[in-house]
Amino acid sequence: MRGWANAGGGVSQKFLLVAGCIGGFMVYFYYTHLEVVPYTNRKHLVLISPQMEAMLGETTFNNMKKQFQNRILPPYHPAVVRVARIAQNSINSAMEGIHATGKNQLEYTPDVSKKLPSARSRDYVLGPAEDVEQPTFFMKLGEKDLYRENESAVDDVWVEDCRKTAKEKGRKAQTQHVDHFKWEIVVVDANVVNAACLPGGKIIVFTGLLKAFPHDEELATVLGHEVGHAIARHTGEMLTRSIFIGFIELLFLVVVQAPNIVGPASDLLLRLPFSRKMEIEADHIGALVMAAAGYDPRIAPGVYLKLGELQKLPEYVQYISTHPSGRTRAEGLLKSQTLKEATRIYLSKQGGWESSGFLM
């Protein structure tokens with residue numbers, strides 16, 4: 001009996017030792033992969049390296065260029081010139097905002113089309129015409145004015161909390177990945193109201209967006225938002241979260257064996273709420289980026305409100321969507337400290353003062 005007891009004790013000790021080593025490694029791995037997002041100072045776990053994330057962005061970008069190869073506008077097209085100018089201003093301000101030292105020169109995709117700009121394209125590439133209604137800085141929804149000085153937005157409370165906590169604990173944002181961005185842009189002639197900035201600084205803009213938002217400030221809002229996604233490493237974070245969500249789904253499938261329930265439930269409760277949070281975060285970063293680039297950030301809430309109106313979807317749909325509603329985004333930004341800070345940066349810029357480090 002004593003021999004069995006000693007053997008059992010040895011096995012237990014070995015098991016505890018192995019479990020302790022594995023646990024210690026997991027803790028070490030977790031904390032060494034924690035990063036701090038610029039400006040919001042939110043801590044997030046990113047298991048994918050910046051190099052791998054940039055490679056994924058490059059692959060996706062190349063695939064999209066192949067998909068739209070006959071629709072990519074040449075570099076000399078007025079739409080590309082206009083978009084590239086605004087994008088370059090946004091990139092410059094973003095790099096200044098994080099004290100980045102990498103290359104910030106925007107590159108063009110090689111000319112894949114020999115067609116000259118068509119007459120029909122000029123209505124969305126030369127900026128606002130005289131008869132185009134000027135953008136409204138402070139939008140209203142019915143009788144309710146969205147801009148209330150003393151109100152706080154529930155969706156954005158976490159932004160202020162993260163910034164306050166980071167200041168108390170001395171957190172510093174990780175921005176080294178931006179130094180290795182190879183900024184590139186393409187403009188696709190398609191009636192799609194969308195744009196994207198993929199990891200590594202790959203920007204895609206569709207002409208449908210230019211038609212819907214003819215003013216430079218409006219386009220700067222969208223580009224600033226998309227650049228914010230890349231700076232915050234949202235793609236890498238989403239992929240990391242998907243790994244853990246997939247593991248949780250497997251555990252539940254072992255118990256309930258109902259994939260038709262587990263999948264939608266994980267989307268509704270885990271993936272989609274986090275996606276909406278990232279959109280809000282990009283809204284805040286984007287407001288600061290456009291302000292430092294010389295575009296009035298007070299127009300941004302109106303842009304998000306207009307985006308929501310273009311979608312023509314009821315408010316409740318946002319809870320089963322990757323994006324908050326336009327109204328939610330407009331209200332949240334208008335009531336935030338971020339917009340006030342962005343406005344100060346913009347006014348300083350107009351006065352000839354340079355802004356740097358505002359995203360740190």
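1. The structure holds zero disulfides, a disulfide being a pair of cysteine sulfur atoms within 2.5 Å. Cys162 counts as buried at 17% relative accessibility, and Cys197 counts as buried at 8%. Here buried means under 20% relative accessible area, exposed means over 50%, and partly exposed lies in between (1.4 Å probe, protein chains only).

2. This is a predicted model, in which local features need pLDDT of at least 70 and side-chain atom pairs count only at pLDDT 80 or more, while totals for chains, interfaces and linings use all residues. Residues are numbered from 1 along each chain as its sequence is written, and side-chain values use heavy atoms, with hydrogens and water left out.

3. The count of salt bridges comes to 15; a salt bridge is a side-chain nitrogen of Lys or Arg within 4 Å of a carboxyl oxygen of Asp or Glu. One of them joins Glu35 to Arg233, with the closest N and O atoms 2.8 Å apart. Glu35 lies in strand β1 (residues 34-36) and Arg233 in the loop between α6 (216-231) and α7 (234-256), so this pair ties together parts that are 198 residues apart in sequence. Helices (H or I, at least four residues) and strands (E, at least two) are DSSP runs, numbered from the N terminus. Glu35 is buried, with a relative accessible area of 15%, and Arg233 is buried at 1%.

4. Lys202 belongs to strand β8 (residues 202-206) and Glu58 to helix α2 (residues 50-67), so the pair ties together parts that are 144 residues apart in sequence. Lys202 is buried at 4% relative accessible area, whereas Glu58 is partly exposed at 30%.

5. Arg298 forms a salt bridge with Asp296, the closest N and O atoms being 2.7 Å apart. Arg298 is partly exposed at 21% relative accessibility, while Asp296 is buried at 5%.
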